[in-house]
Amino acid sequence: MSFLEAVRSDGLLVSRPARIDEHRVSDRNTFLDWKKATSDPLLLRKLSTLPEIIESWIAPYGGFSGREVLDFGCGFGETAAGIALQYDVTRVVGVDVQDKPARCEPLLMEKIGIGGLPDHLTLAQIEKGALLGEQEFDLVISWSVLEHVQRDSLRQTIADLWTALRPGGLAFVQISPLYFSPEGSHLWAIGYGGWEHLLRQTSEVLADIEAAPHLTTEAKDRLVRLYSTLNRVTANELTAHCDAVGFEVVRQQRDRTEKTPSACLTEAYCVEALTTDQIVLLLKKPDLSNEGHPHPSNQA
Ligand SMILES: C[S@@+](CC[C@H](N)C(=O)[O-])C[C@H]1O[C@@H](n2cnc3c(N)ncnc32)[C@H](O)[C@@H]1O
């Protein structure tokens, strides 16, 4: 049974009331008022800036309008909610292996002041590797997620995203910071930002986390888990996986650090991997049934 069938059998999707347009307008206005007044840059980034960046990438292909969107690895669901609140999407589904999505509704009610999750937004925790359903979506997004997927299932995960897309559908994928770049350890909370994880042995890195005076035991445990489960994917590897499952890269951006790796690093690692800190890909699932006659919403 796919994740979506499971959700439907729980009644979550089918029991939702029909979309009431006045609710959408009222939620959007409340959201826009919050946006003007907020002094919470982190929440603003997740709720508004990330959706805007994604919209700017997909605008040549029709933008968010009318799309069914899957946010894979949605975390607390802020970006999925921001898309549902700001754009004229048909529906947004956010999934994550942790229980974070459950915290979205109280967060939106408390911070933004809306009455609950929009009717066309569904957020759910899923099992690792759960099937996502076949050809359910027009757009899949994955922001800062694929570097956390277990290495030996990364290609299968990307293949699952492909399966979840309708022919002609788009996938927006972003990873930053990439593992071999200066901040690739994701350990900025203990001041790492200059390839320390590649220059020190693992026991030293773990000792640095343990010695951080400002972190609770729980926060330290979280950092150790985070650090030890990074899959070390490089920009080239990610692109190769996407290519292998059949995606066409329609746009890509690779950002480089301004920092210079030491001779010790360049002797051991590839300079391109050391200096590429972000990759953003816009991928398309080719519509083979429609060759020569692209769907209007997918025309550049
Ligand atoms: C760094 S967070 C990013 C969350 C969100 N995309 C954002 O930008 O705020 C990475 C998220 O990916 C989720 N994740 C990791 N592996 C996953 C998998 N195999 N399936 C679904 N979610 C996954 C984690 O639980 C985590 O919430």
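Predicted model: local features only at pLDDT ≥ 70, side-chain atom pairs only at ≥ 80, totals over all residues.
Local features need pLDDT of at least 70 and side-chain atom pairs pLDDT 80 or more, while totals for chains, interfaces and linings use all residues. Residues are numbered from 1 along each chain as its sequence is written.

Seven strands form an open sheet in the order S3-S2-S1-S4-S5-S7-S6. The pairing is mixed. Helices (H or I, at least four residues) and strands (E, at least two) are DSSP runs, numbered from the N terminus. Two strands pair if DSSP finds at least two bridges between them. Strand S3 (121–125) and strand S6 (248–256) are at the edges. Each has a single partner strand, so one side of each lacks a neighbour in the sheet. Strands S1 (residues 68–72) and S2 (residues 91–96) pair in the parallel sense over five bridges. Val69 has Val92 in S2 as its bridge partner.

Helices H8 (residues 202–211) and H9 (residues 217–228) have axes that come within 9 Å and cross at roughly 155°. Axes are lines fitted to C-alpha atoms, for helices over the stretch in contact, and angles run from 0 to 180 degrees between N-to-C directions. H8 is therefore roughly antiparallel to H9 (angles over 145 degrees count as such). Val205, Leu206, Ile209 and Glu210 in H8 meet Lys220, Leu223, Val224 and Tyr227 in H9. Contact here means C-beta atoms, placed from the backbone, within 7 Å.

Conventions:
Parallel < 35°, antiparallel > 145°, perpendicular 65-115°, else oblique. Contact = placed C-beta atoms within 7 Å.
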